[in-house]
Amino acid sequence: MTSIAANLQAVRERIVAACLAARRPTDSVSLLAVSKTWPASALREAAAAGQGAFGENYVQEALEKIGTLADLALEWHFIGPLQSNKTRAVAENFSWVHSVDRLKLAERLSAQRPPNLPPLNVCLQVNVSGEASKSGCGPLEAAALAAAIERLPGLRLRGLMAIPEPTEDTALQRRRFASLRETLATVSAHTGRWLDTLSMGMSDDLEAAIMEGATLVRVGTAIFGKRDYTI
Ligand SMILES: *Cc1c(COP(=O)(O)O)cnc(C)c1O
């Protein structure tokens, strides 16, 4: 077994253990492998070990890997900050976007989604930590934004995503994740449709996220190792 395959196995076991601890079905959380900075060969190893969904943060880097790995049936999720001038490439090449935080981005993605593809799955990114520097709409804006996104034909609103501030305080981790779950309930009531996705939890806090209802965890380091941003 390669180390990526072994790491993937260990992450899957963490997810199952967290589901059991939370008294949730063990298949109620899906795993998104976050592969930013890693070469296509690393993703190919993960795919050979059964991983089908990959998250990328940088458009150009992602497009290269999507091309190189076109022989595999992979599902691509865009999870990084998105600039308006990059929406077309994302609308044309990804199945999901987790980082929609303003209507203008959603409108562009909808208009640019090719009509021969199914609607693009989107999550609204919400800032649950209240730090001015972080992207994401405010929790109080989420319902109105979600209702506007619901009307866009090229998109399918699936739920909410958050990246809380890193902390080792597990009680604080859980409060942030609980706040996203509560926002999802408010947004669902406002749109009149139950949104099924809570995209929250990463390598260091996936257990807390699953305790608070995550349906998708985004895990990079625990699968691929520590990223090197100096190369
Ligand atoms: C990099 C990244 C992750 C993965 O973080 P790890 O700590 O490496 O698991 C998850 N979500 C987003 C949005 C990211 O940018």
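**Notebook: the ligand and a few residues**

I started at the ligand and found one of its oxygen atoms 2.8 Å from a polar backbone atom of Gly-220. I count this as a polar contact, that is, a pair of N or O atoms within 3.5 Å; within protein, one must be able to donate a hydrogen and the other to accept it, and residues adjacent in sequence count only if both atoms are side-chain atoms.

A note on what I am looking at: this is a predicted model, where local features need pLDDT of at least 70 and side-chain atom pairs count only at pLDDT 80 or more, while totals for chains, interfaces and linings use all residues. Residues are numbered from 1 along each chain as its sequence is written, and side-chain values use heavy atoms, with hydrogens and water left out.

**Entry 1**

The ligand is surrounded by Val-34, Lys-36, Asn-57, Ile-79, Ile-163, Met-202, Ser-203, Arg-218, Val-219, Gly-220, Thr-221 and Arg-227. I sorted this shell into five nonpolar, four polar and three charged residues. For the sorting, Ala, Val, Leu, Ile, Met, Phe, Trp, Tyr, Cys and Pro count as nonpolar, Asp, Glu, Lys and Arg as charged, and the others, Gly among them, as polar.

Is His-98 buried or exposed? I found it buried, with a relative accessible area of 0%; buried means under 20%, exposed over 50%, and partly exposed in between (1.4 Å probe, protein chains only). His-98 lies in strand 4, residues 96–100. Helices (H or I, at least four residues) and strands (E, at least two) are DSSP runs, numbered from the N terminus. The His-98 side chain makes a polar contact of 2.8 Å with the side chain of His-77, and one of 2.9 Å with the side chain of Ser-199.

Glu-165 was my next stop, in the loop between strand 6 (155–161) and helix 7 (170–191). Although it lies in a loop, Glu-165 is buried at 16% relative accessible area. Its side chain has a polar contact of 2.9 Å with the side chain of Arg-176.

**Entry 2: positive phi in two loops**

Arg-23 has a positive phi of about 55°. Arg-23 sits in the loop between helix 1 (3–21) and strand 1 (30–34), and its 79% relative accessibility makes it exposed. Thr-37 also has a positive value, near 75°. Thr-37 lies in the loop between strand 1 and helix 2 (40–48); at 27% relative accessibility I put it down as partly exposed.

**Entry 3: distance along the chain and in space**

How far apart in space are the C-alpha atoms of Leu-43 and Phe-224? I got 8.8 Å, although the two are 181 residues apart in sequence. Leu-43 belongs to helix 2 and is buried at 0% relative accessibility.

Gln-9 is partly exposed, at 31%.

Gly-130 and Leu-120 are ten residues apart along the chain, and 28 Å separates their C-alpha atoms. I placed Gly-130 in the loop between strand 5 (120–125) and helix 6 (142–150), and at 62% relative accessibility it is exposed.

Last, I checked Leu-157, a residue of strand 6. Leu-157 is buried, with a relative accessible area of 3%. From its C-alpha atom to that of Pro-25, 132 residues away along the chain, I noted 24 Å.

Technical notes. A residue is near a molecule or strand if one of its heavy atoms lies within 4 Å of it.
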